[in-house]
Amino acid sequence: MNLRRILILLTVFFVSGLSYSQIIFKELPKYQIRQNDSLFFDVTSARKVLPLNGRWDVYPSGDEESKTPVSVPSAFKGQSGDLVFEKNFTVTRAIAYGNQLKLVFFGLNYSADISLNNVIIYRHSGGQFPFSIDLPRDIIKPDKNNIIRVKLHCELDAENTIPVKQRFLFPQNMGGIFRDVYIHLIPNISVNEYDFISNYDSRSGKARVKFNFKFVNKEIGGAADSSDNLYTVKVRFITSVGKSTLSESAFSVSIPKNKEKYVNQVIDVSGPKAWTPTNPEFYEVVVELYRKDMLIDRSIKSLSFYSLSVNDQGIFLNGNNFWINGVSYVPEFGTDGPVGSYESMERDIKIIKETGFNSVRFIKTLPHPYYLTLCEKYGLLAFIEVPLYNIPGRLITDNAFAERCKNYFTAFIKQYKGYSIIAGIGLGNGFIQGNEHHAAFLKEYCSLIKKNSSALTYASFSNFDKELIDDLDLYGIDITYKLGPKDVEKLNEIQTLIGKGRFFISSASYIVNAGSSNGYANPYTYEAQAKFFEDLMDVCEKNGIPGFFINSMFDYRGDLASLVAGFDKDNVYRIGIAGEDRNLERLAYKVISSRLHNSEKVTIPIGTKKGSAPMIFILFGIFLAILVGVLVNSGRKFREDSSRALLRPYNFYQDLRDQRIMSGLQSSFLAVIISAVSALLLSNVLFYFKESVGFEKILISFGSRTILNFVGYLAWHPVSSLVILTICSFATFLVITGIAKIGSLFVRNRVFLSSIYFSTIWSFLPLVLLIPVGIILYRLLDVDAATVYVFIGLIIFTLWIFYRLIKGISVIFDVNVGSVYFYGILVAAVLGGGFLLYFQLNNYALDYIFLTLKQNNIFR
């Protein structure tokens with residue numbers, strides 16, 4: 001790679017971190033809303049749907065002249081500021097005055113101001129969950145053009161959004177209205193909203209369903225007789241197959257005109273068939289509203305009867321022991337991001353079921369409601385969660401963030417409350433059980449969930465404590481790459497600590513960045529991935545761990561070029577047991593599927609481990625050794641200077657101060673060699689850390705795409721890294737020289753720039769001694785027993801060089817060394833501290849870094 005190309009790449013990294021303004025929309029050709037699914041869309045003889053998909057106009061906020069047509073649903077990439085989406089529609093007078101109109105969004109990203117005919121009617125504070133809005137009748141223009149505008153803001157930050165900016169292995173954060181939009185026509189007198197919580201008793205075979213109804217009467221005209229306000233509500237439970245009535249109940253309710261009426265009702269149901277993954281039978285709940293004998297409104301929803309409970313002994317489904325054989329799923333479709341057709345959603349759920357899983361965990365994003373309908377239909381327990389990952393305790397206690405979480409959780413629970421197939425609701429990932437802020441947060445929101453849902457609550461932890469958290473049912477742990485004897489021992493300790501039945505593996509991940517090989521002896525390969533998941537299922541079975549979620553079903557794409565995922569140019573995270581193209585030929589998929597189906601075991605080849613150390617490190621080190629030999633043999637004077645600089649540095653620095661003869665050419669040549677040695681050492685270290693989850697999380701903590709891209713590129717491209725870091729190291733010498741020259745202005749003695757330059761270069765001379773170390777450094781670091789000692793040695797060596805630098809400057813300045821130490825450390829602290837302070841103030845960087853360091857106490 002030539003120098004010009006490297007300079008271009010450097011420019012691209014920094015520019016891409018600041019701006020990527022081109023907006024690219026992803027649309028699905030021939031997309032069709034599946035409104036013929038009357039159960040899902042609640043379409044009955046009294047209710048209808050008016051789709052608003054199709055053409056919308058979009059333009060940057062404040063620039064209405066630049067309207068561009070796009071199709072909805074769609075999603076876009078690119079930093080855009082706020083975009084305005086605009087849709088024109090008409091409704092007849094009969095529709096406008098004969099119905100309540102609910103505007104339904106199945107999902108948009110992230111926050112939005114929604115207006116109708118230039119009047120803001122709703123502010124969506126953020127989140128991809130579905131929501132609905134009542135369209136005010138006094139704003140709608142019957143038989144005329146109406147305009148819906150959605151002013152959309154999709155950028156994430158470190159404290160005002162959920163999820164936050166610092167996201168590890170998250171899918172693409174694409175903006176837009178990426179799911180269906182439609183108007184739901186509901187009668188003026190209606191069961192406007194209702195939800196239910198069912199409790200199934202497996203012993204008696206009976207169920208109790210608690211309904212929360214909201215009745216609305218917006219009838220126009222008619223008699224004022226109060227007897228006209230009396231209605232009958234009928235609730236029927238109908239089998240989804242055969243449409244026979246299992247149970248029926250009725251009650252009366254008075255709904256005065258222009259009023260809303262809230263009613264709670266408990267209905268007992270005898271003899272329902274319990275839903276199970278092997279026999280996923282569910283019921284249709286039909287709610288009808290009558291005025292005398294005339295049907296006014298009719299609504300349908302699905303309901304599954306089952307009981308899922310947890311105690312210290314295990315997890316129980318309908319009274320029987322149950323093992324969660326689950327997989328995590330990211331609803332993402334390659335370059336289209338979150339925009340998927342109904343056919344694609346059904347295809348994915350069918351694949352998950354046919355693989356043999358009984359549960360699916362929707363991670364890092366919120367699912368389209370249709371996924372939940374499919375889970376109920378095909379026999380998969382659904383686990384959904386708020387995408388709160390690795391949140392520092394200090395941020396959780398921030399009042400503004402706490403209020404944001406409360407609003408988010410409240411809306412999240414409300415919108416998903418009506419789906420009985422939701423078996424678990426998660427509160428996030430990366431918590432530390434002993435952290436009082438995390439514990440208080442979990443306690444508060446577990447209580448909120450329990451008040452509004454019968455689903456289990458769960459969270460994933462990095463560190464555990466014997467103190468259980470009120471209303472938290474399941475305690476999960478994330479495992480990445482490693483599952484050795486010590487890790488299994490840790491799992492058993494955690495089980496003993498919190499209870500065998502309350503502990504599960506919430507995410508078992510093996511990220512592939514090395515492709516295929518001749519066997520699992522080679523890490524980060526598809527064969528090693530298959531072996532890891534086989535060992536995982538063995539460990540769960542032998543140690544009685546009641547559940548696991550393999551992460552994940554399919555590969556997906558993210559916003560960031562992840563180091564651990566191989567720094568892929570398309571940001572593809574090869575973490576799935578199947579590819580993003582839904583190819584099921586991977587060895588891990590075959591191993592897992594055969595295991596879950598109890599079929600013939602799939603053989604995983606052992607293979608022969610191949611060395612991963614780049615040859616360029618050896619060649620570059622030898623080349624530097626030759627250069628040093630040439631330089632040493634260039635003259636007796638240079639050999640003498642080198643000996644004195646190493647063994648008698650004080651006298652050497654005095655000679656520099658006194659302007660003794662020193663070759664500028666030789667010193668500059670030495671500076672290049674020292675810079676190259678520094679680059680060799682740093683490249684080794686970066687190459688070692690390229691697969692470290694903790695290292696990547698620390699980089700992500702800064703919230704800077706530029707830093708992650710730059711370091712990631714260096715870690716995965718050793719040749720470029722050696723060149724770029726050599727240039728950076730040499731530039732560092734010049735910066736140090738410049739700072740020291742500025743400092744010389746404050747001393748009485750005249751200090752020559754050449755003396756400072758020579759002193760700076762020669763103070764780093766001991767680095768040349770590390771050329772042999774640079775050749776084998778990666779191999780040393782790759783030996784676990786030696787890693788810590790190697791880093792300690794490098795730190796000590798760095799401190800020695802810093803000591804030499806300060807000593808050299810003090811001699812050149814002819815001042816007390818103590819004052820130079822003070823100001824030297826002060827300058828370093830100001831530069832380093834200023835860098836950290838900037839990212840702390842803008843992105844809470846230090847809080848995220850400290851959290852990452854605490855999390856690494858269990859698994860690396």
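Two strands are taken to pair if DSSP finds at least two bridges between them; strands (E, at least two residues) and helices (H or I, at least four) are DSSP runs, numbered from the N terminus. The model is predicted, so that local features need pLDDT of at least 70 and side-chain atom pairs count only at pLDDT 80 or more, while totals for chains, interfaces and linings use all residues. Residues are numbered from 1 along each chain as its sequence is written, and side-chain values use heavy atoms, with hydrogens and water left out.

Strand β8 (residues 111-116) runs antiparallel to β9 and is joined to it by 5 bridges. Isoleucine 114 stands opposite tyrosine 122 in β9. An open sheet of 6 antiparallel strands has the order β4-β3-β6-β11-β8-β9. Its edge strands, β4 (68-72) and β9 (119-124), each pair on one side only.

Glutamine 529 lies in helix α10 (residues 526-543). This glutamine 529 counts as buried because its relative accessibility is 0%, where buried means under 20% relative accessible area, exposed over 50% and partly exposed in between (1.4 Å probe, protein chains only). Contacts (heavy atoms within 4.5 Å) of glutamine 529, not counting residues up to four places away in sequence, are with Tyr510, Val512, Ile575, Gly576 and Ala588.
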